[in-house]
Amino acid sequence: MVPSFLSPSFSRLSLWVSGVILVIGFLKLLRLLLRRQKLARAMESFSGPPTHWLFGHALQAKQTDFLERVVSWAHQFPYAHQLWFGQFLGFLNIYEPDYAKAVYSRGDPKAPDVYDFFLQWIGEGLLVLHGPKWFQHRKLLTPGFHYDVLKPYVAVFAECTHAMLDKWEKKALEDKSFDIFCDVGHMALDTLMKCTFGKGEKGLCQRDNNYYLAVSDLTLLMQQRIESFQYHNDFIYWLTPHGRRFLRACKMAHDHTDQVIRKRKEVLKDEKEQEKIQKRKHLDFLDILLEARDENGLRLSDTDIRAEVDTFMFEGHDTTTSGISWFLYCMALYPEHQQRCREEVREILGDKDSFQWDDLGKMTYLTMCIKESFRLYPPVPQVYRQLSKPVNFVDGRSLPAGSLISLHIYALHRNSAVWPDPEVFDPLRFSPENMSGRHPFAFMPFSAGPRNCIGQQFAMNEMKVVTALCLHRFEFSLDPSRVPIKMPQLILRSKNGIHLHLKSLGRGPGK
């Protein structure tokens with residue numbers, strides 16, 4: 001209870017605080033309205049599908065058929081259309097190669113309205129950096145993806161895949177379908193742990209499993225935040241149950257990364273241990289980060305190292321999981337292509353248990369099938385940029401600096417003006433003769449231009465080894481009662497999992 005002599009002062013203070021809050025709220029609303037006006041004016045030469053008066057297209061984005069809806073919009077609105085999440089966040093959604101080239105051949109930064117949401121989790125790594133610092137990090141990290149560094153990883157990919165396939169041998173005996181996505185996710189994480197941190201031979205421990213669950217949670221929460229305009233304000237978001245759950249998952253992911261980095265730095269203080277690391281079969285990603293120096297001899301800070309490790313773990317784990325899982329679904333859906341890939345794999349493998357580096361270049365038909373599955377099921381279906389300068393498009397329309405761009409890779413890859421019969425699975429689209437005349441920005445599973453995915457060769461090598469070994473040991477078939485429901489969640493997932501029947505072919509190691 002407030003004493004009577006303080007009541008007038010307390011009342012005045014309350015009124016003053018309320019007034020300040022109202023003024024701040026009014027100024028915030030005014031800023032949002034002015035920004036909306038600016039974005040809408042920039043896109044006034046582009047039409048688009050009808051919007052909800054409050055939510056824009058956000059309600060449609062939450063529907064399970066949203067990806068197919070965007071493809072239908074691509075037919076209705078050639079080149080591009082407006083896309084609004086709420087009334088204050090508007091993008092020009094593009095899905096045509098010349099439009100993609102106009103933007104992605106440049107080095108425009110990622111759209112902060114979307115990618116700033118990542119900062120709490122992955123920090124300022126390559127994914128969100130721009131300008132000189134992005135260029136510096138890209139230059140320092142590029143040697144980590146040289147083929148001499150990637151060569152020994154083939155054995156790591158094979159080892160982790162065999163561990164997963166041994167589990168699948170037991171599941172296959174039950175003679176019922178099961179969801180492969182989770183197992184592939186754990187295998188991809190196990191692989192990255194060994195390639196990034198040099199983990200031992202024991203596979204994932206409970207702490208690593210908790211990290212996997214935290215990353216899965218973070219990707220779900222991130223997608224929900226992007227689609228829900230009421231969560232775009234940091235102050236409001238951190239007060240919600242979603243925001244608090246996001247922070248808990250971030251802490252779990254950060255604690256894991258920090259512990260591994262701290263242990264490695266302690267080991268590197270010992271000269272004998274340093275010699276052992278240099279003599280190892282391969283340097284892991286963390287070794288390369290800790291030893292990286294620029295032309296002035298400066299190393300990356302601890303904060304920079306954690307950001308790049310967290311970025312690599314996110315981008316290299318979830319995207320690979322999606323790519324492998326949807327590829328195996330395609331193989332189950334198209335058994336004639338599955339069998340042809342298997343025959344190629346057996347011919348390359350011969351009497352060996354696993355693959356060598358030189359074998360990867362021989363997987364021509366498998367590679368075409370991987371690329372066709374990337375076309376139909378791109379691991380990252382949508383990416384965003386903010387224009388740093390005006391852009392002129394091929395049809396004469398333009399956008400000013402500051403405009404937001406959404407490249408819808410899923411719709412680009414199903415654009416019937418570019419891909420005849422786009423819904424048909426046809427690996428021969430990627431034969432040398434068919435690729436020769438194709439627009440360089442028609443196929444963008446790893447983005448394109450100067451800001452393309454730095455780890456795409458790593459990802460392709462892993463995809464080849466994992467999928468080849470899967471097809472060597474198992475025959476995959478569909479479960480008609482559990483057809484996957486495509487769901488964009490930063491990466492392309494399935495709302496109900498990817499359930500397949502597996503038949504063991506009796507070709508495990510040593511058999």
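**View 1. Asp 421 lies in the loop between α19 (409–412) and α20 (432–435).** Helices (H or I, at least four residues) and strands (E, at least two) are DSSP runs, numbered from the N terminus. The model is predicted, so local features need pLDDT of at least 70 and side-chain atom pairs count only at pLDDT 80 or more, whereas totals for chains, interfaces and linings use all residues. Residues are numbered from 1 along each chain as its sequence is written, and side-chain values use heavy atoms, with hydrogens and water left out. Asp 421 is not a glycine, yet its phi is positive, at about 45 degrees. Most residues other than glycine have a negative phi. With a relative accessibility of 57%, Asp 421 counts as exposed; the term exposed applies over 50% relative accessible area, buried under 20%, and partly exposed in between (1.4 Å probe, protein chains only).

**View 2. Asp 175 is located in the loop between α9 and β3 (178–179).** This residue, which is other than glycine, also has a positive phi, near 55 degrees. Asp 175 is exposed, because its relative accessibility is 66%.

**View 3. Phe 46 and Tyr 99 form one of the aromatic pairs of the structure.** A search of the whole structure finds 34 such pairs. Rings of Phe, Tyr and Trp (its six-membered ring) pair if their centres lie within 6.5 Å; planes under 30 degrees apart are stacked, those over 60 are edge-to-face, and the rest are tilted. The centres of Phe 46 and Tyr 99 are 6.3 Å apart and the ring planes stand at 90 degrees, so the pair is edge-to-face. Phe 46 belongs to the loop between α1 (7–42) and α2 (58–61), while Tyr 99 belongs to helix α4 (residues 97–104); the pair thus links distant parts of the chain, 53 residues apart. Phe 46 is buried at 1% relative accessible area, and Tyr 99 is buried at 0%.

**View 4. Tyr 115 and Tyr 384 pair edge-to-face.** Their ring centres are 6.3 Å apart, with 65 degrees between the planes. Because Tyr 115 lies in helix α5 (residues 112–115) and Tyr 384 in strand β4 (residues 382–386), the pair ties together parts that are 269 residues apart in sequence. Tyr 115 is buried at 7%, as is Tyr 384 at 5%. Ring pairs join both residues to Phe 85, Phe 91, Phe 118, Trp 121 and Phe 314 in a cluster. The charged end of Lys 110 sits over the ring of Tyr 115, 5.1 Å from the centre; this description requires NZ of Lys or CZ of Arg within 6 Å of the ring centre and within 35 degrees of the ring normal.

**View 5. Helix α9 (residues 153–172) packs against helix α21 (residues 456–473).** The axes are 9 Å apart, at an angle of about 35 degrees; axes are lines fitted to C-alpha atoms, for helices over the stretch in contact, and angles run from 0 to 180 degrees between N-to-C directions. Contact means heavy atoms within 4.5 Å. Residues of α9 in the contact include Phe 157, Leu 165 and Trp 168, and those of α21 include Phe 458, Val 465 and Leu 469.

**View 6. Gln 338 is found in helix α17 (residues 335–349).** Gln 338 is buried, with a relative accessible area of 1%. Leaving aside residues up to four places away in sequence, Gln 338 touches Met 331, Ala 332, Leu 471, Phe 474, Glu 475 and Phe 476.
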